[in-house]
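Hi everyone, thanks for making time for this. Let me put the structure up on the screen, and then I'll walk you through a few spots in it.

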Amino acid sequence: MYKILFTLLFRRMDPEQAHHLAFGWIRRVARVPVLRTLVAAVLAPRHTELRTEALGLRLHSPFGLAAGFDKNAVGIDGMAMLGFDHVEIGTVTGEPQPGNPKKRLFRLVADRALINRMGFNNDGSLAVAARLASRTPAFRTVVGVNIGKTKAVPEDEAVADYVKSAERLAPYADYLVVNVSSPNTPGLRDLQAVDHLRPLLTAVREAADRGVPARRVPLLVKIAPDLADEDIDAVADLAVELGLDGIIATNTTIARAGLGLTSDPAAVKETGGLSGAPLKARSLEVLRRLYARVGDRITLVGVGGVENAEDAWQRVLAGATLVQGYSAFVYEGPFWARAMHKGLAARLRTSPYATLADAVGADVRTTV
Ligand SMILES: Cc1cc2nc3c(=O)[nH]c(=O)nc-3n(C[C@H](O)[C@H](O)[C@H](O)COP(=O)(O)O)c2cc1C
């Protein structure tokens, strides 16, 4: 049914408008207690074998929603109702900002991909912190908070901008993510260089501890798939050195490899980050490389081109304790998370591994 709706309605609409329309429906349903309970009963099934411990947190499943879908923390319950077991909100910046001019989101339907240059359109960390503070959660969902740099802030003041967001948002975060990998904020990805990343991560760690003295909020960094292999290794080594809790691999790519011939030729030429199926191979490769380097010392989160349970399973075998997705949700619709959990549980049952934790990194451990 979603495929029909997608073809008849969403596909004819501007992708960003379609996002707001669909997200609006989800949020409206989630506001009605009886409806959200019913929907969640169907879409958020609990497979006991998928229970996961990561970042000091207990989750029903390793599978959750990647950053960018709910930038302003307005629909966490709605996404939890659809079965996403963790929801990463953001990217939130120090100051509110409108993002790039529209049109800034493009569908490459034949390639099951998206290109976006949203540019961190968001309400800013003060407003998002207030929203999170006043929230009464309907579901026990893990909430990650992803922070980034305000575009107008000069690069030499980037650390202060992240610190401001970290102090404000850490109290409401089950985990905090430093996003240095969006291609749509000029200069942002330069912060991935270890010389920039070390002071940034150190300052954000201190800010999170100041913001939440009673609890150590897990801190992760989200990296781009376009990093050279030696830079991936350098980030991995730095993460271990600084005692970081996790690495999220990966954000969208500026590369255009893996696109088929049938894609909309105009959309392919748009600048921005490419996500979805064409990103799959590189994101998996980055994850494997990270796991080979850090092993179980750091929690790895696999994201990029995850479309089905087999993809998620491959991420687990490559070293991911948690797996996220975004683009495939646009194409697969509201039953997607449910199918992911069901398929992943089935995959685990037919595998040689007794638990999901045993499977994490198994492919890499046998090849190194
Ligand atoms: C429209 C759109 C907006 C996004 N915004 C953000 C963002 O604000 N912060 C972030 O860290 N990642 C953002 N992402 C990247 C996703 O979180 C994810 O890393 C990427 O899309 C790869 O996963 P996928 O192939 O499952 O979509 C965005 C992706 C899309 C498609």
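Let's begin at Asp229, which counts as partly exposed at 30% relative accessibility. By that I mean the class between buried, under 20% relative accessible area, and exposed, over 50%, with a 1.4 Å probe and protein chains only as cover. Please keep in mind that this is a predicted model, where local features need pLDDT of at least 70 and side-chain atom pairs count only at pLDDT 80 or more, while totals for chains, interfaces and linings use all residues. Residues are numbered from 1 along each chain as its sequence is written, and side-chain values use heavy atoms, with hydrogens and water left out.

So, which residue does Asp229 form a salt bridge with? The partner is Arg289, and the closest N and O atoms are 3.6 Å apart. The rule for a salt bridge is a side-chain nitrogen of Lys or Arg within 4 Å of a carboxyl oxygen of Asp or Glu. Asp229 sits in helix H8 (residues 229-242) and Arg289 in helix H10 (residues 280-294), so this pair ties together parts that are 60 residues apart in sequence. Helices here are DSSP runs of H or I with at least four residues, strands are runs of E with at least two, and both are numbered from the N terminus. Arg289 is partly exposed too, with a relative accessible area of 32%. The pair belongs to one network, in which salt bridges that share partners join Asp229, Asp233, Asp237, Arg282, Glu285, Arg289 and Arg293.

How many salt bridges does this rule give? The count comes to 24. One of them links Arg104 to Glu16, with 2.8 Å between the closest N and O atoms. Arg104 lies in the loop between strand S4 (86-93) and S5, while Glu16 is in helix H2, so parts that are 88 residues apart in sequence are tied together. Buried or exposed, this pair? Both Arg104 and Glu16 are buried. For a contrast, look at Arg58 and Glu53, whose salt bridge has its closest N and O atoms 3.5 Å apart. Arg58 is exposed, at 61% relative accessible area, and Glu53 also counts as exposed, at 61%.

S5 belongs to an open sheet of three strands, ordered S5-S6-S11, with antiparallel pairing. Strands S5 (105-108) and S11 (273-276) are at the edges with a single partner strand each, so one side of each has no neighbour in the sheet. S5 pairs with strand S6 (residues 113-116) over four bridges, where pairing takes at least two bridges found by DSSP. Leu105, for instance, has Asn116 in S6 as its bridge partner. Four residues lie between the two strands of this hairpin, and Arg112 takes a positive phi near 50 degrees. Both faces of S5 are covered, with Leu105 and Arg107 buried on one side and Phe106 and Leu108 buried on the other.

Finally, let's zoom out. The protein has 15 helices and 13 strands, and 58% of its 368 residues are buried. Its C-alpha atoms fill a box of roughly 50 × 50 × 45 Å along the principal axes.
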